[in-house]
Amino acid sequence: MSGPFESYDDLDDADERLQAADPAERRVAIIALGHSGDPAAVAHLAKLVADPDSGVRQQVAMALGEFDGPEAASALVKLLVDPERIVAAAAADSMAEFKDPACAGIILPLVKHAHAFVRMGALRALRELRCKDTLKPALEALQDADAAVRVQAIGVIGFLKLEESIPALTALINDPDAHVRRAAVSALAFSQMKPAAETITRALKDSDWMVREMAAETLGLNANGSLAADQLVGSLADEFWQVRLKAIRSLGRMKVERAVRPIGNCINHDQANLRKEAAAALGEIAHPDGEAFLVVIADDPDPDVRKNARWALQQIAARKARAGA
Amino acid sequence: MPLASYQTSVPVVVDDAKCIADKGCTVCVDVCPLDVLRISDMTNKAYMAYDECWYCMPCEADCPTGAVTVNIPYLLR
């Protein structure tokens, strides 16, 4: 046998400890099996999914997270529907670590479970499996009555990165729950197509600032994001500095020269983070008009702001030198 | 490293009633990057042997029975 257990006697010994009358002793044996990393331990752990002690079941759920594959997934599926929330939560956390697509078939039936927590845990586990079979159930879960389930379904779709899911994600921009709208905007980041950029641009006007913040950030990652440059410049006047910060970052990344003055107007903001991003963006754009704003923060009390300002001034000087050459 | 003189005066406090180190558990001792936790020879429970803590928290997070509490100083919160 390969792995930390030298012989079958070691596992038999572990089995004996797993049957100890004291739950604490069973927990210690479970921890040792989990740390072993030996795939042979999974079968031994699976025997304890119906242990009468909820702490032991919780420990089994945590230990199974050290492994991957259908055998461990089968055991965790039973623990995810455990009536004790601590057990189910540990199972959900462990399942979310799995990467083997072969687990998908075992987890998928739970997407239609009666309890929202189980549906949520199952979808969360499916996310990183990146299995195309999960797209249809995830799209159906977008209609779930529970917003947290819809958020997890968006996660599955976002990880799959399939253009065919764009219409469904676009429709969620009108979802009544802000967390769902924010997740949908974030998921659209994978698409470099114009429709995705248009949807994200609409989200810049969302009533919730976190959705607007995500939209401002995501536009900077979209190849067609520059089409929304005017709207992003408009976001520089947003009442939340978090939105303004992401808009500055995206405008800098897109090198939008007409944004130099609006970004420069943010250079005296109370938040050092905002001043730092404004300096960096002016450096990325490297337009000579940014120089006047950068000089103002050359002696900023925050060292990161001063550093970005110096770098930005160097970028502008380099551009001037190239233009003169 | 300074020795911890009183267990109640150190950041990492272990609830002996919940600690299962006497059953063979060594999770908190194993995860501590500074190796400041020990199993007491007298009580067979975990305790903070050296008063040096980075407040990195795995001892509290990984304790299977929730016996470990890390008291983070006010100025670090």
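What covers its buried residues? The cover includes helix 4, helix 5 (70-80), helix 7 (104-107) and helix 8 of chain A. Helix 6 itself spans residues 85-95, and its buried residues are Val87(A), Ala88(A), Ala90(A), Ala91(A), Ala92(A), Ser94(A) and Met95(A). Before I go on, please keep in mind that this is a predicted model.

Now, helix 8 turns up again, so let's stay with it. Helix 8 of chain A covers residues 116-127, and it packs with helix 10 of chain A, residues 147-160. Their axes are 8 Å apart, and the angle is about 15°. Angles under 35 degrees count as roughly parallel, so that's what we call helix 8 and helix 10 of chain A: roughly parallel to each other. As for the handedness, helix 8 of chain A passes helix 10 of chain A in a left-handed crossing.

Which residues meet there? On the helix 8 side of chain A you'll find Ala116(A), Arg119(A), Met120(A), Leu123(A), Arg124(A), Leu126(A) and Arg127(A). Helix 10 of chain A brings Ala148(A), Val149(A), Gln152(A), Ala153(A), Gly155(A), Val156(A) and Phe159(A). Sort the residues of that contact by kind and you get 9 nonpolar, 2 polar and 3 charged.

Chain B contains 2 helices and 4 strands, and if you walk along from the N terminus, the order reads β-α-β-β-α-β. Here's one about contacts: take those in chain B with a separation of 6 or more, and 57% of them come from residues 24 or more positions apart.

Last stop, the place where the two chains touch. How many residues are in contact? On chain A there are 8, and they are in contact with 7 residues of chain B. On the chain A side, helix 2 (23-36) and helix 4 (54-64) each supply at least two residues. Helix 2 of chain A gives the most, with 5 residues. And the kinds of residue on that side of chain A? They divide into 3 nonpolar, 2 polar and 3 charged.

Methods:
Residues numbered from 1 in each chain as written. Chains lettered and ligands numbered in written order. Predicted model: local features only at pLDDT ≥ 70, side-chain atom pairs only at ≥ 80, totals over all residues. Contact = placed C-beta atoms within 7 Å. Axes fitted to C-alpha atoms, helices over the stretch in contact; angles between N-to-C directions. Parallel < 35°, antiparallel > 145°, perpendicular 65-115°, else oblique. Left-handed = near helix turned anticlockwise from the far one by under 90°. Nonpolar A, V, L, I, M, F, W, Y, C, P; charged D, E, K, R; others polar. Buried ≥ 20, exposed ≤ 12 C-beta atoms within 10 Å, placed from the backbone.
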